[in-house]
Amino acid sequence: METPSVMTPQTQAVRDAYDQLAHTYDTDFTESHIGRLQREALWRHFDRLFQPGQHLLDLGCGTGEDALHLAKRDITVHGIDVSPAMIEIAGYRTVDEDRVTVEALSLESLSKLNNGPYDGAFSSFGPINCVQDLSALASDLGRLVRPGGIAALSLMNRHCLWETLLYPLAALLHRRESASSEWSDAPAEDEVFEAYYPSVKEVRQAFAQHFEFVSAPGISLFLPPTYLEPVATKYPKLVALLATTDQATAHLPLLRNLAENRLVILRRTSRPR
């Protein structure tokens, strides 16, 4: 199995981090109640944007969950991921699915991918947040996606409703702890790798030469983050209600800016502008 070709310190850090997460990723996220509801929200958009018979590129395929979902709709998917450990699991999961292929390749190495053109591309839950140079990514996708094809890129928001609500509460609890408490003594956790949080406007600008902007609905506005999974387990009906509320509201102006994720939908133009 090949390792990603472009191995900058950032790429190495991202690869190492997701290699460590790979064997618990499905248990912690994919199979969690909140994670499933978040992914189903994303799938509703994918099912509308992509049609049976198409050939798609999955950017940051992880363990292959999205590719397998789309394969059930007679869509062929080629998935790439920076993490060889993720790709190994995805390979096991998709070995009997002829419509899915995977390979270890970083998003920074898309220039080495030559098995297009694709009818579209997609990315789920933040791989794009690991990319510093969006213009280079846009150029590569401009070569790989046919004119008229859709790129649906899910990015994590820098701010979201739940973080806005929880941060003051966490600060209040922190102030109430004594100086000798475990909380106040705990060192700040360093980021494993650098994450970038481009605005929708910045994504539009980076892709403008090759793609036109379509829309940017929110994903997970009222639905809580996955680290609140114990809440979902204890109050499943409440979480289901929040997920239903998301469907009705997460696309609305202003509110979508507070969603945990934004799905930036772009259409490949006929020629560079």
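**Entry 1. Arg 36 and Glu 65**

I began with Arg 36, which counts as partly exposed at 25% relative accessibility. The model I am reading is a predicted one. I then looked up Glu 65, which has 11% relative accessibility and therefore counts as buried, since buried means under 20%. The side chains of these two residues, Arg 36 and Glu 65, form a salt bridge, with 2.8 Å from N to O.

**Entry 2. Arg 39 and Asp 66**

I next recorded a salt bridge between Arg 39 and Asp 66, whose closest N and O atoms are 2.9 Å apart. This pair also links distant parts of the chain, from Arg 39 in helix H2 to Asp 66 in helix H3, 27 residues apart. I checked accessibility here and found Arg 39 and Asp 66 both buried.

**Entry 3. Arg 146 and Asp 119**

Arg 146 is in strand E5 (residues 145–156) and Asp 119 is in strand E4 (residues 118–123), so the pair ties together parts 27 residues apart in sequence. I noted Arg 146 as partly exposed, its relative accessible area being 31%.

**Entry 4. Network and total**

I returned to Arg 36 and Glu 65 and found that they are linked with Asp 26 and Arg 93 in a network of salt bridges. For the whole model, I recorded a count of 10 salt bridges.

Notes
Residues numbered from 1 in each chain as written. Predicted model: local features only at pLDDT ≥ 70, side-chain atom pairs only at ≥ 80, totals over all residues. Heavy atoms only, no water. Salt bridge = Lys/Arg side-chain N within 4 Å of Asp/Glu carboxyl O. Buried < 20%, exposed > 50% of the residue type's maximum accessible area, 1.4 Å probe, protein only. Helix = DSSP H or I, 4+ residues; strand = E, 2+ residues; numbered from the N terminus.
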